[in-house]
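Let's walk through this structure together, one topic at a time. Keep the picture open as you read.

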Amino acid sequence: MKKLKYILISLIFCTASYAILQEEQPTQAFSTQIVERGAYGDDVIELQSRLQYTGFYTSQIDGKFGYNTYWALRNFQEKYGIPVDGLLGEDTKKKLVSVSEFNKEFVHEQIKKGNSFTTYGGQDLEKQVKNQQSESSNMQLPPKYSEKDLKLIANAVYGEARGEPYEGQVAVAAVILNRVEHPDFPNTISEVIFQPLAFTAVADGQIWLEPNERAKEAVLDALNGWDPTENAIYYFNPKTATSKWIWSRPQIKTIGQHIFCA
Amino acid sequence: MKKFIWVIVATAAVVFLVYHFNVQSKNTRLENALASQYSNQLTSASEKLITLSESIDQTLLFQDKEALDQPLEDVWRLSSDVRDSISSLPIDHETSTVWMNYLNRIGNSASLVKEGKIPVEEWQKSMKDARENLISLSDQWAFTNRNGGKKDYIVASFVNNKANKENDKNWKALGDSVKAYTESDFPMTASETDKQKKKDLQHIKDSEVTVEQVKQTFVKLFPELKDATIHITESAENAPYPFYHVQFHKGIRIGYADFTKKGGHLLSYLLERPFDKTTISAETMKEKASTYMKSFGYTDTEMVEYRENHIAWHLAFARVDAKNDALIYADGMHLKIAKDNGELLGLNAMEYIQKENIGDQKVVPIDYKEIFSGDFTIEEERLAYVENKELQQRLAYEVLTRNDSIGTHRTYIDAQTHEILHTEKLP
């Protein structure tokens, strides 16, 4: 009888401990920071996955806290009686964790592979991986630009100026953007870059090289408005330039090996 | 004799090698040229499809007839434009025909809706699927797709494929068919104002500052760089506006700052250094941003947007009109703040230096129900100055509308005439 009592007490203790651990473990998954619109990273990936599990979020899980995530979070807060502020604070995290599941390994693996997938609750996760690629970089851009723009300009910058200082790489990206705005050049980024004889990297095939993170960061700064060239639309390397015409352009400044001109 | 034969064989081998090298070089050059041309064609078509889908989104946003006119016309015009692009793409005939017919139907329907021959509700119902199809097709052709952006993929998938099927194709003619086009609704920051404001820097009336004064200003603004190695150069004689270019280097930090020669105003600043993996909170970042703005004297601004990226936050600010609390986007500025410790990595004040001339304008009350479709919820509204087609700054209602399947849009409506000035889709 005494033995049975011990077994019962042990069982109750184990069950209680398990329940407490279950309650506490998932909240540790989110970081301690308050996450809000404009944020990017693992917390947002978990937030989107959990919101999708509960059916509030239907867009791509990409780790970018944009408006779709924002409205979904507000709807979730409203439904569960949490103050509706669109912020991922402690109360919202706890409620999310208690009503949803998050398979971190699965989600991060799909993102790494570039797969298109969802995480709706009550369905087998493996069956939610679609046979198509989703395209999303780890950069958040101003609304007027797309990831396609970033990729294309980064290829051009890497092909044209990978040996240049950072400022020089931002400058080459800025020249491309200045040309898009200039009446003498085509109106789209791709047409500016692929305009015949416009860029050496296109002619010699270096545009097809995979750009590094530094080139992408330089393009990101240019897309956000930085223009170290002070409004240039041409540049050339005085050591290798064969065109006499380019010397006739009004020069603005020299960065690294390139002279930038109006 | 034997020696003579060896000489002939060696010469033949050299001639063959030179010939082979020449042919290879020519082939590579041709491959590069075709791959570039096809990438341009595919990327352009992809970009135009996205623009078309955005115009379709705008036709779903409004119910007011006048507000609908412009986006419907854009759809009609763009569908025709994209059709032309698709006809010249290096894809198989059957696929291009299917898509051209599809776009033709979209364009014709938009035209009929505009003429009142098709009810707007019917159009809006059918376009919810159409926009998805266009985005999906655009993704397939984008430079960023899985194998896209690689020359081998372009060559194998399009150049060789097309060349085998249509050897007599005039490749040069392909590039001519994609026409440059201008959208009626530029997003806010793509405005001509940006460019004009840069040009207007030549009209600054302030007196010129010396190199020594610029050095002092630099150290005052960035005291942590007072020990940096600094190299200051002047802009070239023919530069559109005169400025000083300050290049600095201190330990792991390297960067530049440009100052106008007239008045010594900071144009832009950018710093590069390695980064730690730690991340400060968004709250701390905002506090630091506010401190930076105060210390630089930009106290009449408000933060309008910020985006976290892998090493830094990019923040956008706009000047606030003290009269009515309206945002003046044309007087904008940008900050770049490090994620690891909140250090200021960049500042761009090029558009802020010269303030816009803002005139008085009436504010006529508006009923959003008459403008926007019932499928959209009005989430936020405030006043802001944006430019109209004549490039005049107009006081406008800035309205944030939301539809969970179509997305979130920001629309600017002239506060006096109720004309739609701009609409942009937000990520």
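## Strands that pair

Two strands pair if DSSP finds at least two bridges between them. The strands themselves (E, at least two residues) and the helices (H or I, at least four residues) are DSSP runs, numbered from the N terminus. What you see is a predicted model, in which local features need pLDDT of at least 70, side-chain atom pairs count only at pLDDT 80 or more, and totals for chains, interfaces and linings use all residues. Residues are numbered from 1 along each chain as its sequence is written, while chains are lettered from A and ligands numbered from 1 in the order in which they are written.

Now find strand β9 (residues 377-387) of chain B. Strand β10 (residues 393-403) of chain B runs antiparallel to β9(B), and 10 bridges join the two. One bridge to look for links I378(B) with T401(B) in β10(B). Together β9(B) and β10(B) make a hairpin with 5 residues between them, and L391(B) in the turn has a positive phi of about 65 degrees. β9(B) also pairs with strand β7 (residues 327-338) of chain B, this time in the parallel sense over 2 bridges. Here L327(B) has A384(B) of β9(B) as its bridge partner.

## Chain B and its domains

Chain B has 10 helices and 12 strands. Of its 427 residues, 40% are buried, where buried means that 20 or more other C-beta atoms lie within 10 Å of the residue's own, exposed means 12 or fewer, and partly exposed is in between, with C-beta atoms placed from the backbone. Two residues are in contact if their C-beta atoms, placed from the backbone, lie within 7 Å. Among contacts in chain B between residues at least 6 apart in sequence, 57% join residues at least 24 apart.

How many residues of domain 1 of chain B are in contact with domain 3 of chain B? There are 12 of them, and they meet 14 residues of domain 3. On the domain 1 side, α1 (2-61), α2 (65-87) and α4 (120-141) of chain B each supply at least two residues. α1(B) gives the most to this side, with 5 residues. By class, this side of domain 1 holds 4 nonpolar, 4 polar and 4 charged residues; Ala, Val, Leu, Ile, Met, Phe, Trp, Tyr, Cys and Pro count as nonpolar, Asp, Glu, Lys and Arg as charged, and the others, Gly among them, as polar.

## One residue in a helix

Let's zoom in on L112(B), which sits in helix α3 (residues 93-114) of chain B. L112(B) is partly exposed because it has 16 other C-beta atoms within 10 Å. Leaving out residues up to four places away in sequence, L112(B) touches K117(B) and I118(B). L112(B) and W76(B) are 36 residues apart in sequence, and their C-alpha atoms are 9.7 Å apart in space.

## Where the chains meet

Between the chains, 61 residues of chain B are in contact with 55 residues of chain A. α1(B) gives the most to the chain B side, with 10 residues. That side has 19 nonpolar, 26 polar and 16 charged residues.

In helix α4 (residues 90-99) of chain A, the buried residues are T92(A), K93(A), L96(A) and V97(A). They lie on the same side of α4(A) because they cover an arc of only 130 degrees around the axis, the arc being that of the directions from the helix axis to the C-beta atoms. An α-helix has 3.6 residues a turn, so residues three or four places apart point the same way. The buried residues of α4(A) pack against α2 (42-53) and α3 (67-79) of chain A. On the other side of α4(A), E90(A) and S98(A) are exposed.

## Positive phi in a loop

Which loop of chain A holds E230(A)? E230(A) is in the loop between α10 (213-223) and β3 (234-236), and N231(A) is found in the loop between α10 and β3 as well. E230(A) has a positive phi of about 55 degrees although it is not a glycine, and N231(A), also not a glycine, has a positive phi of about 80 degrees. E230(A) counts as buried because 26 other C-beta atoms lie within 10 Å; N231(A) is buried too, with 21.
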